[in-house]
Amino acid sequence: MADLTKYRNIGIFAHVDAGKTTTTERILKLTGKIHKTGEVHDGEATTDFMEQEAERGITIQSAATSCVWNDHRMNIIDTPGHVDFTIEVYRSLKVLDGGVGVFCGSGGVEPQSETNWRYANDSEVARVIFINKMDRMGADFYRVVDQIENVLGANPLVMVLPIGIEDDFVGAVDLLTRKAHIWDDTGKPENFKIEEPPADMADKIEEWREKLIETAVEQDDDLMEAYLEGEEPSMEDIKRCIRKGTIALDFFPTYCGSAFKNKGIQPVLDAVVDFLPNPTEVKPQPETDEEGNETGEFAIVDPNRPLRALAFKIMDDRFGALTFIRIYSGKLTKGSSVLNTFTGKTERIGRIVEMHADERIELEGAEAGDIVAVIGMKNVQTGHTLCDPDNPATLEPMVFPDPVISIAVSPKDKGAAEKMGIAIGKMVKEDPSFRVETDEDSGETILKGMGELHLDIKIDIMKRTHGVEVDVGAPQVAYRETITQKIEDTYTHKKQSGGAGQFAKIDYIVEPGEPGSGFEFESKVTGGNVPREFWPAVEKGFVKSMEKGVLAGFPCLDFKVTLFDGNYHPVDSSAVAYELAAAAAYRQSMPKAGAQLMEPIMKVDVFTPEDHVGDVIGDLNRRRGMIQGQDASSTGVRIKAECPLAEMFGYIGDLRTMTSGRGQFSMEFSHYAPCPKNVAEDVIKEVKEREEKKK
């Protein structure tokens, strides 16, 4: 049985371009997992194995790999930094026990690092900090430490001090041992010497060392008392206190180096082993009922308890679908059956593999604390719980943000239609933030995602990986129509063409309904002027007609029809005649009843740093937005507003420009509201022009 105290499940996360993937490469080289390091800028990084990643030099999917350091097994997930792929970071953090936050020595705390830090706080993940790129122009270790305190509201526990900066960066002083680790210029990580630190750093070393020990001993009252009386705690005691405080999220051990130049990586690996929790030391995952409410039970990390595992990522590659699973308790063995509590179906476990980016090593089984991939699961999706069929339970599900942008796509030729359907099906399984629906009005396929880059890459994957060429349309808004006035009207339908004729006369009232009420029909006919058996036909005629409004052909909402009188012919009246009468009555009366165009209004939630609040609010006002409230926190301000969807296209680009890339937003549908006259006129004109072109 594996010793769980020797396991570390960690993620590496940071702002785009801070050096996460390069750091992962160096860790793999140091731990003997790879023998040649690949570089991101050459498109050869091990964990960037998608064509789109190698080309753009960014990480899109989180990649999983595992290695061994100092007799400890590490499962590492390298996550993307770009805002459109934060979903990948979020779902990775959900299954990890610890993390390494990478910050750029010159860029400092960048916008995406703030978002990822916030996610890690929400997931209560213990972290160590690695300030990378110390060899870069403008690198400043102390400034970045200051930003971590002020921008992130976090407490960095400085463990090392850099020796030299920019081109002169050679290594770091370990504050606990007061020894300098100096790397030579060969670029080999193992080529370093441990020696006495430079004499001119003595005062600085003592100042920061004192801070370090004072912060650490706060975790233990007895040690604190002894320290205040002048007794320095032993190295074991200090490390024990640092571990305790790190796991409790009281502080974050902070290191520095240059991953690209292979300097400073070993101390980070040592810190992962020394200070980050093993699977048994983190809060166990709560179990929930079908509604998602916690039951009070927990998935305790223990191989001898019933199986509890969470599928946190689906990936499709040349061998078929891979389902990445974090096992919280129990064992998973080849050939066994597991229950998916979301679908209520059992699935047989075929092949279990340990992933090393896109290579795989076959396993016979896995147990609590492991992160593995299973090949060929049929109905499992991200966030589904897999458990022991005799002991069912559901783990707290993942919550994914709703997409904020949509585009219409259509296959370039008939042959591509089926291929497109299959490709989209696979992509939706892999990425829960990517949604697809068919527009009932136009029959077009609508793709929805987290941002323009997100959808751009999906179209690219469709083209290259699945060989499907598609035409991409401009985003469209789904308008609706309604009426504003009550009118009384009458209509007679008469048709005589030899033999049985058609006759139906209806007297009716059309009036606006309450917002959200839909369509209502009532009959107040007395004395049999319109026989009861024909009332449903009148209703059906109106219901069928309301799918096309009289202004621009958008569906009509929220109105009521009351049938109060009419007439019939004993021979010529029929259900069809009354249905046709109602359809004609709709066309006759709706324009008289003050027809009006309605537009979808979105609930918008914008997150911005404090110094850009004025610009963001001004911009939302220009977009006809109504500000509903503001909420300030240590990292920025959340602005809640309601905005017409038509004004929100391209918003993410404008928001990022306004906030130097640090703003973020999400939006969801709220309600329909009347369109201002000038906007309505433009929309109606556009629709008519489109219809003319079709003719």
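**Charged pairs and their labels**

Author: This is a predicted model, in which local features need pLDDT of at least 70 and side-chain atom pairs count only at pLDDT 80 or more, while totals for chains, interfaces and linings use all residues. Residues are numbered from 1 along each chain as its sequence is written, and side-chain values use heavy atoms, with hydrogens and water left out.

Reader: Why is Asp-71 called exposed?

Author: Asp-71 has a relative accessible area of 57%, and exposed means over 50%, buried under 20% and partly exposed in between (1.4 Å probe, protein chains only). Its salt-bridge partner is Lys-6, which at 28% is partly exposed.

Reader: What makes Asp-71 and Lys-6 a salt bridge?

Author: The term asks for a side-chain nitrogen of Lys or Arg within 4 Å of a carboxyl oxygen of Asp or Glu, and the closest N and O atoms of Asp-71 and Lys-6 are 3.1 Å apart, so the pair qualifies.

Reader: Why is Asp-237 called partly exposed?

Author: Asp-237 has 24% relative accessibility, which falls in the range between buried and exposed, so the label is partly exposed. Arg-240, with which Asp-237 forms a salt bridge, is also partly exposed, at 42%.

Reader: How do you know that Glu-364 and Lys-334 tie together separate parts of the sequence?

Author: Their side chains meet in a salt bridge at 3.8 Å, N to O. Glu-364 lies in the loop between β20 (359–363) and β21 (365–367), and Lys-334 in the loop between β16 (331–333) and β17 (337–340), so the parts they join are 30 residues apart in sequence.

Methods:
Helix = DSSP H or I, 4+ residues; strand = E, 2+ residues; numbered from the N terminus.
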